[in-house]
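Have a look at the sequence and the model, then read on.

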Amino acid sequence: MLCQSLCLLLVLSWGPVNAGPLTDPHPDITDQDLFWGADQYDFAVVLRAAGMECFWHFAHYGERFYLSFMVQWVTGVGLDRHLSVTVNAPGGLLVSTVDDAKGQINFEAKETGFYQMCFNNFHNRFGTMQVFLSFGVYYDGYQDPAKSKEEEKKKKEEVSKDLNNTLSVIEDATNKVENYVFHMFRHYNFGRMRKSADFFLLLSNSRYVSWWSAALSILIVTSGYLQLLFLKRLFVTKTVTGDEKPRC
């Protein structure tokens with residue numbers, strides 16, 4: 001009995017020292033090393049009448065966060081193309097707001113975390129709308145942290161060595177080309193938004209003109225038929241026999 005109690009005390013005193021969950025799977029790697037870079041997303045979303053949709057996107061401190069949106073088509077009674085857009089920081093502060101049919105938001109992230117984008121269709125109480133979105137993050141002065149540490153060591157060890165060699169020039173030029181291509185795709189997506197919005201507007205106008213033309217054609221034919229019928233009834237004559245006499 002004494003031996004069992006001693007073993008139990010030994011297990012209780014030794015167990016918590018080596019036990020416990022692994023809270024950090026990469027203790028030597030920071031989130032900057034895991035999630036740094038540029039990315040972009042573009043898609044369309046349909047907002048119901050007086051509805052709101054929110055999306056979240058991760059951004060680091062120092063990165064440029066951008067958002068472009070454009071209303072493509074609207075259905076319902078009012079046909080108001082205005083859209084209320086708000087962007088909130090991870091801490092809950094309001095970063096930017098736009099109330100228009102199209103717009104662009106671009107700012108530098110002041111804190112690391114998930115930024116919230118909300119799209120509110122409260123202008124249309126009885127109609128839905130489709131909105132095209134394009135958002136993401138980029139970093140103009142991007143440099144890999146591991147490479148920056150290596151470069152600092154090389155600078156300390158080889159002060160007299162010329163740093164403007166061919167490889168560094170090629171690397172800088174490649175980074176600049178990648179950055180320019182990224183911005184080119186940003187502007188291309190915004191141009192595609194405009195093109196799609198113009199297409200849906202032309203399609204809506206074509207349907208509007210077609211329906212009204214058909215309705216007016218039916219109205220003209222119906223009114224002409226009714227006029228002919230009314231005139232015909234004015235000149236109706238009754239045939240009489242020899243025994244009957246026409247009356248005034």
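β4 and β5 run antiparallel and are joined by 6 bridges. One of the residues to look for is L83, whose bridge partner in β5 is D100. Strands count as paired here if DSSP finds at least two bridges between them. Helices (H or I, at least four residues) and strands (E, at least two) are DSSP runs, numbered from the N terminus.

A word on where this comes from: it's a predicted model, in which local features need pLDDT of at least 70 and side-chain atom pairs count only at pLDDT 80 or more, while totals for chains, interfaces and linings use all residues. Residues are numbered from 1 along each chain as its sequence is written, and side-chain values use heavy atoms, with hydrogens and water left out.

## The whole chain

Step back, and you'll find 4 helices and 8 strands in the protein. Read from the N terminus, the order is α-α-β-β-β-β-β-β-β-β-α-α.

The protein has 248 residues, and 23% of them are buried. Buried means under 20% relative accessible area, exposed means over 50%, and partly exposed is in between (1.4 Å probe, protein chains only). Among contacts (heavy atoms within 4.5 Å) with a separation of 6 or more, 80% are between residues 24 or more positions apart.

β4 and β5 belong to an open sheet of 4 strands, ordered β2-β7-β4-β5 with antiparallel pairing. β2 and β5 (94–100) are at the edges with a single partner strand each, so one side of each has no neighbour in the sheet. On average, neighbouring strands of this sheet are turned by 15 degrees against each other, direction ignored; the axes are lines fitted to C-alpha atoms, for helices over the stretch in contact, and angles run from 0 to 180 degrees between N-to-C directions.

Another open sheet of 4 strands has the order β1-β8-β3-β6, again with antiparallel pairing. Its edge strands are β1 (39–47) and β6 (102–108), each pairing on one side only. Within this sheet, 10 bridges join β3 (residues 64–74) to β8 (residues 129–138). Y66, for instance, has G136 as its bridge partner in β8.

A nonpolar core is a set of buried Ala, Val, Leu, Ile, Met, Phe, Trp, Tyr and Cys residues joined through side-chain atoms within 4.5 Å. The largest one has 25 residues, and F65, L67, L83, F119 and V131 touch the most other members. β1, β2 (52–59), β3, β4 (83–88), β6, β7 (113–120) and β8 each supply at least two residues of this core. Apart from it lies another core of 5 residues, including M70, F190, M193 and A197.

## A disulfide and a serine

There's 1 disulfide in the structure, where the term means a pair of cysteine sulfur atoms within 2.5 Å. It joins C54 to C118, with an S to S distance of 2.2 Å. C54 is in strand β2 and C118 in strand β7, so the pair ties together parts that are 64 residues apart in sequence. The torsion about the S-S bond is about 105 degrees, so this disulfide is right-handed.

Are the two cysteines buried or exposed? C54 counts as partly exposed, at 22% relative accessibility, whereas C118 is buried, with a relative accessible area of 7%. C118 is also among the residues touched by S84, along with V98, D99, F119, N120 and F122, not counting residues up to four places away in sequence. S84 lies in strand β4 and is buried, with a relative accessible area of 13%.
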